[in-house]
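Colleague: I would like to learn how to read a few features of a structure model. Could we go through them one at a time?
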Amino acid sequence: MVGNDVVDLADAEVRNSPVHPRFDLRVFSALERQALQGRASPDRLRWILWAAKEAAYKLRKQSDPSTLFSPSRFEVSLDDTLRGAVEHEGERLRVEVTVVGDLVHAVATLSESESEIVTGVEASERPNASRAVRTLIVRNLAQRLGLPESALRVLRSGRIPRLEVVGRNCSLDLSLSHHGRYVAFACDLGDTA
């Protein structure tokens, strides 16, 4: 299982919107707020933590569809390389965050998972971000799996996406994300690699 989230730091809602003082109280744990307060400019860290929380939530939702997104209950701890964990209700999830320019991409996996995770991120000018991320997934994974693009379909089970390999009794765990200019995915290849 896998979860991912992407944040466009240059997007107007992130860059130009002042953060309401209660936002940090509602979203971040005491330790996370302390880390934010220790920064001269906390905005970048704020959205790194947010992306890690969202990725962990999407992962938890796959294993337990009744999981609710209560951001402060997903506590993030990262090292200087932006690798670490998200603690949620006694479960420790691995998380890795990549920051390149204005792009923040977080990927969460189960701590004991040894599966191969494939990710993809790209800027998209398409007006339909949902279609753009599906195109990105199919293009990247068809090539990775040595299959024609027509052999892959993105489906939903409730609100949870899955990647179906047509003609095989196989579907893969998948996480989709889009924000601002960026679309992103993470896919757990399991034992298909």
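Colleague: Is Ser 29 buried or exposed?

Modeller: This is a predicted model, and the values here are computed from it. Burial is read from relative accessible area, and buried means under 20%. Ser 29 has a relative accessibility of 9%, so Ser 29 counts as buried. Ser 29 sits in the loop between helix H2 (21-27) and helix H3 (30-37).

Colleague: Which residues does Ser 29 touch, not counting residues up to four places away in sequence?

Modeller: With those neighbours set aside, Ser 29 touches Ser 72 and Glu 75.

Colleague: How should I read aromatic pairs, and how many are there?

Modeller: Two quantities describe a pair of aromatic rings: the distance of the centres and the angle of the planes. Rings count as a pair if their centres lie within 6.5 Å. By this rule there are 8 aromatic pairs. One of them joins Trp 47 and Trp 50, with 6.4 Å centre to centre and 70 degrees between the planes, which is edge-to-face. Both residues belong to helix H4 (residues 43-63), and because they are 3 residues apart there, about one helical turn separates them. Trp 47 and Trp 50 are both buried.

Colleague: What kind of pair do Phe 69 and Phe 74 form?

Modeller: Phe 69 and Phe 74 form a tilted pair, at 5.9 Å centre to centre and with 50 degrees between the planes. Planes over 60 degrees apart would count as edge-to-face and planes under 30 as stacked, so an angle between those limits is called tilted.

Colleague: Which residues do ring pairs link into a cluster?

Modeller: The cluster linked by ring pairs consists of Phe 23, Phe 28, Trp 47, Trp 50, Tyr 57, Phe 69 and Phe 74.

Colleague: What is Val 7 in contact with, leaving aside its neighbours within four places in sequence?

Modeller: On that basis, Val 7 is in contact with Val 14, Trp 47, Trp 50, Ala 51, Asp 102, Leu 103, Val 104 and His 179.

Colleague: How do I read a pocket, and what lines the largest one?

Modeller: Rolling a probe the size of a water molecule over the atoms shows where empty space is left. The largest pocket holds about 600 Å³ of space. Its lining has 25 residues, and Glu 54, Lys 58, Arg 156, Arg 159 and Leu 176 lie nearest the centre. By class, the lining of this pocket is 11 nonpolar, 6 polar and 8 charged residues. H4 gives the most to that lining, with 7 residues.

Colleague: What is the volume of the second largest pocket, and which residues are closest to its centre?

Modeller: The second largest pocket has a volume of about 310 Å³. It is lined by 17 residues, of which Ala 35, Arg 39, Leu 45, Leu 49 and Leu 78 are the closest to its centre. H3, H4 and strand E2 (75-78) each give two or more residues to this lining. Its classes are 8 nonpolar, 2 polar and 7 charged residues.

Colleague: Turning to the backbone, what is phi of Leu 82, and what is phi of Glu 89?

Modeller: Phi of Leu 82 is near 65 degrees, a positive value in a residue other than glycine. Leu 82 is in the loop between E2 and strand E3 (83-88). Glu 89 is not a glycine either, and has a positive phi of about 50 degrees. The place of Glu 89 is the loop between E3 and E4, and Glu 89 is exposed, with a relative accessible area of 53%.

Colleague: Last, how far apart are Met 1 and Asp 173 in sequence and in space?

Modeller: Met 1 and Asp 173 are 172 residues apart in sequence and 5.5 Å apart in space, C-alpha to C-alpha. Met 1 is partly exposed, with a relative accessible area of 24%. Beyond residues up to four places away in sequence, Met 1 touches several residues, including Leu 59, Ala 108, Asp 173 and Asp 188.

How values were computed:
Residues numbered from 1 in each chain as written. Predicted model: local features only at pLDDT ≥ 70, side-chain atom pairs only at ≥ 80, totals over all residues. Heavy atoms only, no water. Phe/Tyr/Trp six-rings, centres within 6.5 Å; stacked < 30°, edge-to-face > 60°. Helix = DSSP H or I, 4+ residues; strand = E, 2+ residues; numbered from the N terminus. Buried < 20%, exposed > 50% of the residue type's maximum accessible area, 1.4 Å probe, protein only. Contact = heavy atoms within 4.5 Å. 1 Å grid on protein atoms, 1.4 Å probe; cavity = no way out; pocket = protein on both sides within 12 Å on 5 of 7 lines; lining within 4 Å. Points joined across faces, edges and corners; volume = space filled by probe spheres on them. Nonpolar A, V, L, I, M, F, W, Y, C, P; charged D, E, K, R; others polar.
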